[in-house]
Amino acid sequence: MTNLPGGEPAARTTVPTELEGYVEHALTESVVESGAREFAAYETARESAAGAAADQEQHHEPQQPTVQETPEAAAAREAAASKEAADTVIQAFGGVRGMIDMTLPGLVFIVTFNLTHQVASAAWAALGLSALFVVIRLFKRETIQHAFSGVFGVAIGAWISMKTGKAEDFYLPGLLYNVGYCVALAVSALVRWPLIGVMLGPITGEMFTWRNQNPGRLAAYTKATWAWVVIMGIKPVILFPLYFTGNVNLLGWLKVALGIPPMLLAMYVTWQILLKAPAPIKAQVEEE
């Protein structure tokens, strides 16, 4: 034993020999159980944290660092978007193929009429070619919009010319259509619903955002529409006087000559106008 200060003997706690093993075992078991509980709590917390992180990664995209766009990059992106929208002009009007579908039947009519001097034969030849264009497009699974428009116009012209017996009447529906088309274009521009924008909006994906959200494109579509009025108005101004003279050959050949070039010119002018216009604002489609 050890003496405490003052000479008093220190008490020594002794454990009976028969209880020493039991006490040692109880202490060991208590320590192990406590450690096991702490380890289980740690594992539960770690698994919960890992599960929450995995769930967050599954449902949320990792945030990318924000890169500041330079003015040059923004200008290049806007120019590319404007060019992409301008390139839709050819697509909207059927391209060169669509213009050929609507022009060749008139050529066949005047050639056949000069060879046979029969209105019916010339009308049926033109109508047959238009129908062939539709069949070819159907076989190739292409759009028949422009080819069908050609068939419809040729059919009306053929029917009128065969009824009246006047070859020049074959071209009358086309001339009236040109006049009506120019009037519709002019009216649409005056009421601020330019037809060029109405036609191109669904193709560019902007629908009608150009009318109330993008004033620059509204101005461009209006300008392009007036360009179509002027360019396409050349045909009836030249051809209508010839129609009334009864000069079928000159009327027919000029009708063919004025078929594709004015259309190409109008498309080119429209392309140039839209190339300098602001980029289109895509329409927001509401998901159901």
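**Packing, ring pairs and backbone features of the predicted model**

Leaving aside neighbours within four places in sequence, Asn 178 is in contact (heavy atoms within 4.5 Å) with Lys 235 and Pro 236. Asn 178 lies in helix H7, where helices (H or I, at least four residues) and strands (E, at least two) are DSSP runs numbered from the N terminus. With a relative accessible area of 8%, Asn 178 is buried; buried means under 20% relative accessible area, exposed over 50% and partly exposed in between, with a 1.4 Å probe and protein chains only. The structure is a predicted model, in which local features need pLDDT of at least 70 and side-chain atom pairs count only at pLDDT 80 or more, whereas totals for chains, interfaces and linings use all residues. Residues are numbered from 1 along each chain as its sequence is written, and side-chain values use heavy atoms, with hydrogens and water left out.

The nonpolar packing was examined next. A nonpolar core is taken as a set of buried Ala, Val, Leu, Ile, Met, Phe, Trp, Tyr and Cys residues joined through side-chain atoms within 4.5 Å. The largest such core has 24 residues, and those with the most contacts inside it are Phe 109 and Phe 170. At least two residues of this core are supplied by each of helix H4 (95–116), helix H5 (119–139), helix H6 (145–164), H7, helix H11 (234–245) and helix H12 (248–257). H5 gives the most to this core, with 6 residues. When residues up to four places away in sequence are not counted, Phe 109 touches Val 119, Ala 122, Ala 123, Ala 126, Ala 167, Phe 170 and Tyr 171. A second, separate core of 23 residues includes Met 99, Ala 186, Ala 220 and Met 263.

Helix H5 has 21 residues and reaches 30 Å from its first C-alpha to its last, close to the 30 Å expected at 1.5 Å a residue, the expected span being 1.5 Å times one less than the number of residues. The buried residues in H5 are Val 119, Ala 122, Ala 123, Ala 126, Leu 127, Leu 129, Ser 130, Phe 133, Val 134 and Arg 137. These residues cover an arc of only 150° around the axis, which puts them on the same side of H5; the arc is that of the directions from the helix axis to the C-beta atoms. The face of H5 turned away from its buried side carries the exposed residues Trp 124, Val 135, Leu 138 and Phe 139.

A pair of aromatic rings is described by the distance of the centres and the angle of the planes. Rings of Phe, Tyr and Trp (its six-membered ring) pair if their centres lie within 6.5 Å, with planes under 30 degrees apart counted as stacked, over 60 as edge-to-face and the rest as tilted. By this rule the count comes to 13 aromatic pairs. The centres of the Phe 170 and Tyr 171 rings are 5.2 Å apart and their planes stand at 85°, so this pair is edge-to-face. Phe 170, at 8% relative accessibility, counts as buried, and Tyr 171 counts as buried at 3%. An edge-to-face arrangement is also found for Trp 193 and Trp 210, at 5.9 Å centre to centre and 80° between the planes. This pair links distant parts of the chain, with Trp 193 in the loop between helix H7 (172–190) and helix H8 (195–204) and Trp 210 in helix H9 (residues 209–212), 17 residues apart. Trp 193 counts as partly exposed at 35% relative accessibility, whereas Trp 210 is buried, with a relative accessible area of 0%. Ring pairs also link Phe 109, Phe 113, Phe 170 and Tyr 171 into a cluster.

With a salt bridge defined as a side-chain nitrogen of Lys or Arg within 4 Å of a carboxyl oxygen of Asp or Glu, the count comes to 1 salt bridge. Arg 217 forms a salt bridge with Glu 206, the closest N and O atoms being 3.1 Å apart. Arg 217 lies in helix H10 (residues 215–232) and Glu 206 in the loop between H8 and H9, so the pair ties together parts that are 11 residues apart in sequence. Arg 217 is buried, with a relative accessible area of 0%, and Glu 206 likewise counts as buried at 0% relative accessibility.

Most residues other than glycine have a negative phi. Just after H5, Arg 141 takes a positive phi of about 60°. Arg 192, although not a glycine, has a positive phi of about 65°; Arg 192 is found in the loop between H7 and H8 and is exposed, with a relative accessible area of 51%. Met 207, also not a glycine, has a positive phi of about 55°. Met 207 lies in the loop between H8 and H9 and counts as partly exposed at 36% relative accessibility.
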